[in-house]
Amino acid sequence: MRLHKRSSGLIALAVLLLALTMACGGGDGDTGGDATVGGGGADDTSGAATTGGSATSGEAAAPAATLEVGKPAPDFTLKVYGNDNYAKDQEVRLYDLRGKPVVINFWFPACTQCGELMFLIKDSYIANKDDVHYVAVQVSADSKSEWDPSGSDATSGQDYVTDKELHFIVGPDFDRSIAAAYGVDAYPTTFFLDKELNVVSAPTYLKARQIKDNLKLASE
């Protein structure tokens with residue numbers, strides 16, 4: 001009778017241990033599933049999709065299909081602001097600049113980062129003005145938009161060019177058609193073109209060293 005009770009107790013303990021083991025195994029499996037699907041899987045995939053989607057909308061949208069590296073950049077004509085080298089309202093066509101590398105920067109006056117980059121581009125222009133064309137396209141000119149709530153206009157653009165002493169090509173993109181053709185959805189955005197006006201690089205934000213490196217690439 002005493003042996004029977006001890007055996008019964010051992011059997012009950014074994015059953016309990018088995019149940020606990022199965023429960024822990026199921027818990028680990030569930031946790032692993034959550035980590036894969038809800039954690040690293042869903043979150044990482046979502047993050048990648050967001051980043052990739054943003055890049056895709058800027059680079060692979062229909063108007064910007066030709067902006068692949070090595071492909072020709074879309075042509076456009078700017079009615080420029082006046083400075084020492086260009087008469088006010090003079091029309092400058094991108095394809096007429098063929099023969100030298102071209103830097104195209106999309107910006108607007110109220111954008112702080114645009115202003116910081118413009119100083120770097122100005123320095124680059126001073127150092128390379130005989131060998132490289134520089135073009136600054138002012139977006140949101142004469143209209144308000146989510147990017148420029150104050151509604152920068154042609155007057156503010158001309159004032160900016162005069163105050164900052166910009167002596168390269170600067171003009172407004174009144175209807176944002178140029179920005180759309182280049183798939184621009186963030187500012188500042190700068191494109192580097194080679195002598196044949198093929199796209200070499202299109203970083204969204206640059207530092208002085210990156211400008212130098214990309215110009216070297218465009219000149220090869």
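Analyst: Two strands pair if DSSP finds at least two bridges between them; strands (E, at least two residues) and helices (H or I, at least four) are DSSP runs, numbered from the N terminus. The model is predicted, so local features need pLDDT of at least 70 and side-chain atom pairs pLDDT 80 or more, whereas totals for chains, interfaces and linings use all residues. Residues are numbered from 1 along each chain, and side-chain values use heavy atoms, without hydrogens and water.

User: What makes E4 and strand E5 (residues 169-173) a pair?

Analyst: Five bridges join the two strands, which run parallel, and the definition asks for at least two, so they pair. Within this pairing, Val-137 stands opposite Gly-171 in E5.

User: How do you know that E4 also pairs with strand E3 (residues 102-107)?

Analyst: Six bridges join E3 to E4, again in parallel, and Val-135 in E4 is the bridge partner of Ile-104. The chain passes from E3 through helix H2 (residues 112-128) to E4 in a right-handed β-α-β crossover, a term meaning that, with the strands pointing away from the viewer, the path from the first strand over the helix to the second runs clockwise.

User: Why is strand E4 (residues 133-139) called largely enclosed?

Analyst: Seven of its seven residues are buried, so the rest of the structure largely encloses E4. Buried means under 20% relative accessible area, exposed over 50%, and partly exposed in between (1.4 Å probe, protein chains only). His-133, Val-135, Val-137 and Val-139 point one way from E4, while Tyr-134, Ala-136 and Gln-138 point the other way; all are buried.

User: Why is the contact between Arg-93 and Asp-75 called a salt bridge?

Analyst: Their side chains meet at 2.4 Å, N to O; a side-chain nitrogen of Lys or Arg must be within 4 Å of a carboxyl oxygen of Asp or Glu, so the pair qualifies. Arg-93 lies in strand E2 (residues 91-93) and Asp-75 in the loop between helix H1 (2-59) and strand E1 (77-79), so the pair ties together parts 18 residues apart in sequence.

User: How do you know whether Lys-88 is buried or exposed?

Analyst: Its relative accessibility is 54%, so Lys-88 counts as exposed. Its salt-bridge partner Asp-89, with closest N and O atoms 3.6 Å apart, has a relative accessible area of 42% and is partly exposed.

User: What makes the meeting of Glu-196 and Arg-98 a salt bridge?

Analyst: The N to O distance is 3.9 Å. The pair links the loop between E6 and E7 with the loop between E2 and E3, 98 residues apart.
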